[in-house]
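Please keep the sequence and the structure in view while reading.

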Amino acid sequence: MMNVGMVGVGNISGIYLKNFKETFKGVRLLAVCDLIRERAEKAQKEYNVPRIYDTMDELFADPEIDIVLNLTRPYQHYEVSRAALLAGKHVYSEKPLGADFEEGRALVKLAEEKGLWIGGAPDTFMGAGIQSCRKLIDEGLLGEIIGGRCVMAHRGVESWHTDPDFYYQRGGGPVLDMGPYYITALINLLGGVKKVYATAKTTFAERLITAEPHVGEIIKVNVPTHYEILLQFEKDVTVSFMATFDTYKVPADNILLYGTKGNLAVPDPNCFGAQKGMRFYDGEKKEERELPLTFDYAENSRCLGLADLAAAIEQKRSPRTSYLQTYHVLEVMTGALKSAETGMPYVMTTAFKREAPMDPSLPHGVL
């Protein structure tokens, strides 16, 4: 059993708190900390969290905490994760690993020097949808993969998010915000990326918030919000990826992969299961059919990656959500930003090797 200290009790924390309590018994949430103490107190009351700390440094000083769960805003990830590593704690961070590649490199270097693990979201690729697709692809259902396309499109978060400003500042934007789900899913299906091409634009210089509690406030947009990206994988498969906060929802599959035997509609990588279904167009039979999920965790299982990190540390194996993955994903995303700025392709410096797939024979909640 490993003890976890949570830093940041914002929007995403609710599902972590729920799954700590109900699903994953190999980790225990020992303490919480938030700049707004009332949030920490609410979490403690609703989920029976033993300890509250006023500052993250107090939490890091607790000798019983093994892993720090970093749920702060994207531009705060680096400082919080760095401080936790310096305090001798393993870290699991919400995405992205850092706001830029240099921050990610510094965190990886520090973790390796300290002999610690730094893992991170997303863990949706460990769910039933992507794991079922991985099995089908690895078994040759599609034949040779030819290429693919991805679409992540909506008109922004200011109509529903309670505090949307950070989505349009450094560390935000559609690529660093939603890109981790798509890119993590793709590299677990296809392997590592070797080259990135991209263009980008900022369609709207300002955003009007229409959600409580900031209705009527104006956001100044300081990052590109529409990207067209080409990802060239090590296997010479090229996938196009449109990531945008500027368009109305596009009625298309989130990820579609083309193979010599047929096409596979991959479930939404932002989810664990298959909201739209997992569909295969059989080129030989010229028919489309829906395929069943063959793995566990079809429901919202955020905290799954953290539970795997804890189990991996105890079992002395590499975690599925380790920095070996999040660092590669961060370089893909920041490489797209650099390619868009320079007009030149970005050549990757990191490599990625897939970890073992999920084991469908294990009981629910056991890693």
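Which residue forms a salt bridge with Glu 158? The partner is Arg 207, and the closest N and O atoms of the two residues are 3.3 Å apart. The model is a predicted one.

Glu 158 lies in the loop between E7 and H7, whereas Arg 207 belongs to strand E9 (residues 206-208), so the pair ties together parts that are 49 residues apart in sequence. Glu 158 has a relative accessibility of 9% and counts as buried, because buried means under 20%. Arg 207, at 4% relative accessibility, is likewise counted as buried.

## Other salt bridges

Side chains of opposite charge can pair when their charged atoms come close. A search of the whole structure finds 24 salt bridges. One of them joins the side chains of Arg 170 and Asp 100, with an N to O distance of 2.6 Å. This pair links distant parts of the chain, 70 residues apart: Arg 170 is in the loop between strand E7 (145-153) and helix H7 (173-190), and Asp 100 is in the loop between E5 and helix H5 (101-114). Arg 170 is partly exposed, with a relative accessible area of 42%.

Lys 135 and Glu 139 also form a salt bridge, in which the closest N and O atoms are 2.6 Å apart. Lys 135 is partly exposed at 37% relative accessibility, while Glu 139 is exposed at 53%.

## The parallel sheet

Strands of a sheet pair through backbone hydrogen bonds, either parallel or antiparallel. In this model, 6 strands form an open sheet with parallel pairing, in the order E3-E2-E1-E4-E5-E6. Strand E3 (51-53) and strand E6 (118-120) are the edge strands, each pairing on one side only. On average, neighbouring strands of this sheet are turned by 25° against each other, direction ignored.

Within the sheet, strand E4 (residues 67-70) and strand E5 (residues 90-93) are joined in the parallel sense by 4 bridges. Leu 69 stands opposite Tyr 92 in E5. Helix H1 (residues 13-22) packs on the sheet and touches strand E1 (2-7), strand E2 (27-33), E4 and E5. The direction of H1 makes about 160° with that of E1.

## An enclosed strand

Why is strand E14 (residues 262-266) described as largely enclosed by the rest of the structure? The reason is that 4 of its 5 residues are buried.

Strand E13 (residues 255-259) runs antiparallel to E14 and is joined to E14 by 4 bridges. The two strands form a hairpin with 2 residues between them, and Ile 255 stands opposite Val 266 in E14. E14 is also joined by 4 bridges to strand E15 (residues 278-282), again antiparallel. There, Gly 262 has Asp 282 as its bridge partner.

Terms used:
Residues numbered from 1 in each chain as written. Predicted model: local features only at pLDDT ≥ 70, side-chain atom pairs only at ≥ 80, totals over all residues. Heavy atoms only, no water. Buried < 20%, exposed > 50% of the residue type's maximum accessible area, 1.4 Å probe, protein only. Pairing = 2+ DSSP bridges. Axes fitted to C-alpha atoms, helices over the stretch in contact; angles between N-to-C directions. Contact = heavy atoms within 4.5 Å. Salt bridge = Lys/Arg side-chain N within 4 Å of Asp/Glu carboxyl O.
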